[in-house]
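Subject: Structure handover

Hello,

Here is the structure I promised to pass on. Please open it next to this email. My notes follow below.

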Amino acid sequence: MTKAPIDLQELRKRIYAKAKTESAWRFWGLYVHVCKMETLHAAYRLAKANDGSPGIDGVTFEAVEASGVEHFLEQLRDELVSGTYQPCRNRRCEIPKGGGKTRVLGIPTIRDRVVQGALKLILEPIFEADFQAGSHGYRPKRSAHQAVARVAHAIAYGKTRVIDVDLKAYFDNVRHDLLLAKVAKRVDDDRVLRLLKQILKASGKKGVPQGGVISPLLSNLYLDSVDRMLEKAKAVTFDGYEHVEYARYADDLVVLIDGHPSHDRLQAQVIRRLREELAKLQVELNEEKSRMVDLRKDASFGFVGFDFRRVRSRRGVWRPNFAPQMRKRTGLLRKLAQIFREHRSQPPRDIVRLINPILRGWVHYFAIGHSSRCFSYVEAWVLKKMRRHMMRAKQRRGYGWNRWSDTWIYERLGLYRDYRIGVAQRQALQPRLPQVP
């Protein structure tokens with residue numbers, strides 16, 4: 001009797017279940033699933049949904065679909081099965097990072113994105129079963145908002161000593177041999193390991209390219225030992241109350257420690273162990289940006305774009321306060337100002353069509369916590385810019401306060417206006433809190 005083939009979703013569920021129940025199991029026979037047309041089709045759909053610019057070969061999704069997606073994927077499958085597949089070099093692309101610095105992205109070709117996506121679809125459930133609760137970056141069913149909630153909860157319950165960790169050029173310095181060894185602990189398939197090595201070498205002698213489809217999974221795997229160390233620190237210091245908490249989003253990591261005087265030495269011990277684990281991975285701390293913060297001394301720290309501090313409520317209860325970092329607000333306004341400047345002669349509705357998606361995405365991300373004051377500033381700034389643009393079109397000075405009401409601009413031009421903080425999210429992030437010292 002022949003068994004019915006397992007579809008991709010069911011396969012991923014079975015892999016995850018096996019990995020979760022048997023933490024030492026090494027998976028074999030994975031390469032055949034990477035090469036399946038079903039896996040390649042799923043990887044292509046994901047790559048197309050993310051869109052993105054073409055790689056070094058200049059091939060676009062339009063060109064692929066003009067010549068036939070089925071033919072494109074069959075050719076790719078044949079190369080994978082025969083072992084003749086060779087990834088192309090990544091196209092380097094610099095994007096502004098803030099402070100005059102740039103971040104270098106490695107943009108793979110579409111064929112390489114599909115292969116990376118197929119490999120990720122098969123490997124992801126294995127390592128998702130192993131990853132720790134404090135890791136939130138680029139993982140299924142996890143978000144930056146959950147990482148923010150974890151940090152806010154820790155502050156609310158007295159963890160006021162913060163180790164704000166900044167890793168020096170993390171993505172550029174991942175050691176390929178150490179990473180492959182971590183993969184090999186769970187994968188007993190030489191063809192998978194060979195393919196992964198080819199993908200890594202296409203980006204250079206070390207590092208994982210920011211922009212690669214499989215890079216987020218690999219970067220999380222590389223730092224998983226750091227997460228495990230911090231989980232162990234939580235466990236060994238637990239005495240009915242947790243004295244250590246942490247949250248990591250990709251390479252953005254904060255560790256929060258109980259502020260009670262009886263735990264003065266704990267901070268130094270955690271820093272020492274953190275340095276030891278990072279040294280094993282040959283990852284350096286950026287000493288200039290990494291710092292120790294005491295929230296009891298009216299200090300603050302940044303994490304995933306939010307600025308965190310501790311404030312006293314009207315009822316005298318200490319609570320976390322978090323809002324968009326100033327540099328994030330400044331970056332948004334500079335981006336919008338550039339659009340207004342470059343499209344000075346365009347009709348107002350065209351400007352609205354350009355800025356609305358940017359505003360919507362930015363506001364949606366920061367629509368938790370205590371962002372209202374920042375949102376009010378941004379809304380007023382955008383309205384003034386919009387009015388100034390409309391007055392220039394009339395060759396007049398001023399802002400036209402008497403010509404157009406705010407309601408007219410919002411309703412007739414369709415300017416984005418939903419600056420509300422999500423009520424459900426706000427309630428989840430701000431529970432009733434006990435008094436802490």
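Where is the place of Ala 169? Ala 169 sits in the loop between S3 and helix H8 (176-184). I come back to that residue near the end.

Some ground rules. This is a predicted model, in which local features need pLDDT of at least 70 and side-chain atom pairs count only at pLDDT 80 or more, while totals for chains, interfaces and linings use all residues. Residues are numbered from 1 along each chain as its sequence is written, and side-chain values use heavy atoms, with hydrogens and water left out. Helices (H or I, at least four residues) and strands (E, at least two) are DSSP runs, numbered from the N terminus.

**The four-stranded sheet**

Four strands form an open sheet, with antiparallel pairing and the order S4-S5-S3-S6. Two strands pair if DSSP finds at least two bridges between them. S4 and S6 are the edge strands, and each pairs on one side only. Neighbouring strands here are turned by 20° against each other on average, direction ignored. Axes are lines fitted to C-alpha atoms, for helices over the stretch in contact, and angles run from 0 to 180 degrees between N-to-C directions.

The bridges are as follows. S4 and S5 run antiparallel and are joined by six bridges. Arg 248 stands opposite Leu 253 in S5. S3 and S5 also run antiparallel, joined by six bridges. S3 pairs with S6 in the antiparallel sense over four bridges. Ile 163 has bridge partners on either hand: Val 255 in S5 and Met 292 in S6. S3 is mostly covered, with five of its six residues buried. Buried means under 20% relative accessible area, exposed over 50%, and partly exposed in between (1.4 Å probe, protein chains only).

**Helix H12 on that sheet**

H12 packs on the sheet and touches S3, S4, S5 and S6. Its direction makes about 15° with that of S3. Contact means heavy atoms within 4.5 Å.

H12 spans residues 264-280. Its buried residues are Leu 266, Gln 267, Val 270, Ile 271, Leu 274, Glu 277 and Leu 278. Seen down the axis of H12, these fall within an arc of 135°, so they line one face of the helix. The arc is that of the directions from the helix axis to the C-beta atoms. An α-helix has 3.6 residues a turn, so residues three or four places apart point the same way. The face turned away from the buried side of H12 carries the exposed residues Arg 265, Ala 268, Ala 279 and Lys 280.

What covers the buried residues of H12? The cover includes strands S3 (161-166), S4 (244-249), S5 (252-257) and S6 (291-294), and helix H11 (224-236). Just after H12, Gln 282 takes a positive phi of about 55°.

**H11 against H12**

The axes of H11 and H12 come within 9 Å and cross at roughly 155°. That makes H11 roughly antiparallel to H12 (under 35 degrees counts as roughly parallel, over 145 as roughly antiparallel, 65 to 115 as roughly perpendicular, the rest as oblique). On the H11 side, Ser 225, Val 226, Met 229 and Leu 230 take part. They meet Val 270, Arg 273, Leu 274, Glu 277 and Leu 278 in H12.

**The three-stranded sheet**

Three strands form another open sheet, antiparallel, in the order S7-S8-S9. Its edge strands are S7 (301-303) and S9 (318-324), each pairing on one side only. Neighbouring strands are turned by 40° against each other on average, direction ignored. Helix H7 (residues 144-156) packs on this sheet and touches S7, S8 and S9. The direction of H7 makes about 25° with that of S8. S8 (residues 306-312) pairs with S9 in the antiparallel sense over seven bridges. Arg 309 has Asn 321 in S9 as its bridge partner.

**Single residues to look at**

- Ala 169: phi is near 45°, a positive value in a residue other than glycine. At 40% relative accessibility, Ala 169 counts as partly exposed.
- Ala 250: phi is positive, about 60°, although the residue is not a glycine. Ala 250 lies in the loop between S4 and S5. It is buried, with a relative accessible area of 6%.
- Gln 198: found in helix H9 (residues 190-201). Gln 198 is buried at a relative accessible area of 15%. It touches Tyr 85, Gln 86 and Pro 87, not counting residues up to four places away in sequence.

Best wishes
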